[in-house]
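Dear colleague,

I am passing on the two-chain structure we spoke about, with the sequence and the coordinates placed just below. Please look through them first, and then read my notes on what was found.

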Amino acid sequence: MGDLSEFSLRWRVFLKTYRWRRIDPLPWTPLRKPLAQCRVALVTSAAFSLPGQPRFDETMKGGDSSFREIPADVDVSTLVENHPSELFDHEAMHQDPNLVFPVDRLRELVEQGRIGSVAPRHLSFMGSITAPGRLVQEHAPRAARLLAQDGVDVALLVPV
Amino acid sequence: MSLVGAELERQGISTVSIQLLRVAAERVRPPRTLLVPFRHGYPLGVPNDAAGQRAVIEAALKLLEDPALTPPVLVEYGPRVAG
C-alpha cells in the first residue's frame, strides 16, 4: 500500500489530480531533549469526539476543520466517530480505537520510560478536508497554541 | 492534518506524521513522515495488536531522534522482524 491501488478509479483520479497544499516554507523544530523527558500529544484525523461533545459536521462543504479536545485519561471505548469518508473501512477503528488514536500505547511508553509523559489533552480532527482555508487560518493555530500551553514537546500525527 | 503539524512545528513542537499515501507525503512535504504499508483505516497496522502498533510508533519516534535527518524527511516503514 502507500499507493492509490486500494481505491476505485474515480478516487484514484481525484487523489492524483487533487491540488495538495505544499507546506512552504517548511518549519522544523528539532527535538530539544531526550524523548524520555518529552511530553507527547496525539493528533488524529479520525473524527473522534467524546459523548456530549458536538459531532463533526459531515455536511459542511470542504469539510469541518474544527477539532475536539480529548483528555489524556479518556477510556478509548467511549469515543464516538463520525468521519464521513467512504474511502476506508471504519470497522477496524471501532474494534480498536488505538489503531488511530494510540493513547494506550503512549501510556505504555511512559511506563517503559521511553517517553516522559502523556500530554493532558489530545486533539481530534476530521480528515478529508478539501477546503483547508479555515483550518490554516484559524483551527490549526488555535490547536497549536493549546498544545504549546500544555508544555507539549512532541506530537504524533495519526491519520485514518 | 499535515497542515496542523506544520503549525505545531511553528509553535516549537516537534512532530512526526504517520502517512498512508505516498502522493500526499511527497506533495505536501510534512517535516517528518513515516510512510506505512497499510490500508486506509489501519494506520498502525492490525487492530488489537499492541506490539505491532508499538513498533510503528517506535519507528516514528526514531525519526525525531536522528540528528542527521533534514526536512522534509520521508521514511518507509519496513516489515517487522519476527521475534
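The largest nonpolar core has 64 residues, and those with the most contacts inside it are A:Val43, A:Leu147, A:Ala155, A:Leu156 and B:Ala60. A nonpolar core here is a set of buried Ala, Val, Leu, Ile, Met, Phe, Trp, Tyr and Cys residues joined through C-beta atoms within 7 Å, and a residue is called buried if 20 or more other C-beta atoms lie within 10 Å of its own, exposed if 12 or fewer, and partly exposed in between, with C-beta atoms placed from the backbone. Helix α3 of chain B, residues 50-65, gives the most to this core, with 6 residues; helices (H or I, at least four residues) and strands (E, at least two) are DSSP runs, numbered from the N terminus.

Please keep in mind that this is a predicted model, in which local features need pLDDT of at least 70 and side-chain atom pairs count only at pLDDT 80 or more, whereas totals for chains, interfaces and linings use all residues. Residues are numbered from 1 along each chain as its sequence is written, and chains are lettered from A and ligands numbered from 1 in the order in which they are written.

On the contact between the chains, 55 residues of chain A touch 50 residues of chain B, where contact means that the C-beta atoms of two residues, placed from the backbone, lie within 7 Å. On the side of chain A that touches chain B, α4(A) gives the most, with 9 residues, and the residues of that side divide into 37 nonpolar, 7 polar and 11 charged. In this count Ala, Val, Leu, Ile, Met, Phe, Trp, Tyr, Cys and Pro are nonpolar, Asp, Glu, Lys and Arg are charged, and the others, Gly among them, are polar.

β7(A) and strand β1 of chain B, residues 14-19, pair in the parallel sense over 4 bridges, and two strands are said to pair if DSSP finds at least two bridges between them. Within this pairing, the bridge partner of A:Ala155 in β1(B) is B:Thr15. Leaving aside residues up to four places away in sequence, A:Ala155 touches A:Ala41, A:Val43 and A:Leu147 in its own chain, and B:Gly5, B:Leu8, B:Ile13 and B:Thr15 in chain B.

Helix α1 of chain B, residues 2-10, is mostly covered, with 7 of its 9 residues buried, among them B:Gly5 and B:Leu8. Its buried residues pack against β1, β6, α4 and β7 of chain A together with β1 and α2 of chain B. α1(B) is followed by B:Gly12, whose phi is positive, near 90 degrees.

As for the chains themselves, chain B has 3 helices and 3 strands, which run α-β-α-β-α-β from the N terminus on, and 48% of its 83 residues are buried.

Chain A has 4 helices and 7 strands, and 37% of its 160 residues are buried.

With best regards
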